[in-house]
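Subject: Structure for your review

Dear colleague,

Please find below the structure that I am handing over to you.

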Amino acid sequence: MSRIDNKKITNTVVDVIFLVAACMTGAFSTTAVMIPNGLTCGGLTGIVRILQSFIEINFSVMYYALAIVIWIVVILTLGFKEARKILVVTVLYPAILFVFELFDFQLLEEKDLILAAIFCGVFSGVCNGLVFWRGYSFCGTESIAKIIKKKWLPQVDISKILLCLDCIIIIIAAFIYGRNIALYALVTQFIASKMVDLIMYGFETKIVQLQIITSKSDEISRYIMEEIGRGVSSYDMVGEYTGAHRKQLAVLCSPRESILIKRKLAEVDPKAFVSVMQVNTVWGYGKGFTDIEEEK
């Protein structure tokens, strides 16, 4: 077995370990903290909580059903390549949710909405952060946001569409569970987003610039443009020590995307040289960038 095959197997095993840990953390957050305390949040979890007020079905069963429906819609609208990215978590997370529901465990000894909202945000953020960090994603409102962007709002950033969806879900929850519960949901969402940033990026900025020197520049460029969805600039350069001619690639991306690019480089060109620079802000049109029109 080749060194590359061994590395792929190792990465797969590590992915599975982290994904199981992430899904267990998320399932614990929902079944042991959120539901027992009557709380809710945004995302697909929030949609299921709303539906639960009308339909008496186990949370995990309803979550599974909606996730599968969204996954099928993703195949029909965005293609199987996009659906493949969310397939693993789509199957794994609801299954672990079902198991955790059987234990009927509560973290807090007595009902405390403030503590519950905080812990729910922490655990949910850890769950999402670990999943995103390993290059996977959930089948939920993020997928719906991508569909909306492609079909109806191509000029709007996905993060803005996702924010609107979460706001709509929480506003609907306010009519069902009350304004206080909706406000606690905002606290949960805020803490969860900060935990995701902490796990994925540490204290880094959300945009990084990669300067890549590789002998596989064409293959890496295609990967970045087609798989990651980022633009690439290239420059001809000469290594003064070796006299070798190379192309240097320049990419602006999120730290999560930089991890995916790093993995691809390790797979196709382990001798590649990459410098990573933190960027305070980027003005321009593109996902994750500040619209230059807003800076006028």
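A residue is called buried if its relative accessible area is under 20%, exposed if over 50%, and partly exposed in between (1.4 Å probe, protein chains only). The model is a predicted one, in which local features need pLDDT of at least 70 and side-chain atom pairs count only at pLDDT 80 or more, while totals for chains, interfaces and linings use all residues. Residues are numbered from 1 along each chain as its sequence is written, and side-chain values use heavy atoms, with hydrogens and water left out.

By this definition D104 is exposed, with a relative accessible area of 64%. D104 lies in the loop between α4 and α5 (113–133); helices (H or I, at least four residues) and strands (E, at least two) are DSSP runs, numbered from the N terminus. The phi of D104 is near 50°, a positive value in a residue other than glycine. Most residues other than glycine have a negative phi.

T77, in helix α3, is buried, its relative accessible area being 17%. Its side chain reaches the backbone oxygen of V73 at 2.7 Å. T77 also touches I147, K150 and K151, leaving aside residues up to four places away in sequence; contact here means heavy atoms within 4.5 Å.

Helix α9 covers residues 217–228, and S217, I220, S221, Y223, I224 and I228 are buried in it. Viewed down the axis of α9, these buried residues fall within an arc of 160° and so line one face of the helix; the arc is that of the directions from the helix axis to the C-beta atoms. They pack against β1 (207–214), β3 (245–253) and α10 (255–268). D218 and E226, on the other side of α9, are exposed. Just after α9, G229 takes a positive phi of about 80°.

Turning to the aromatic residues, a search of the whole structure finds seven aromatic pairs. Rings of Phe, Tyr and Trp (its six-membered ring) pair if their centres lie within 6.5 Å; planes under 30 degrees apart count as stacked, over 60 as edge-to-face and the rest as tilted. Y63 and Y93 form an edge-to-face pair, 5.2 Å centre to centre with 75° between the planes. This pair links distant parts of the chain, with Y63 in helix α3 (residues 59–78) and Y93 in helix α4 (residues 80–103), 30 residues apart. Both Y63 and Y93 are buried.

Yours sincerely

Conventions
A polar contact is a pair of N or O atoms within 3.5 Å; within protein, one must be able to donate a hydrogen and the other to accept it, and residues adjacent in sequence count only if both atoms are side-chain atoms.
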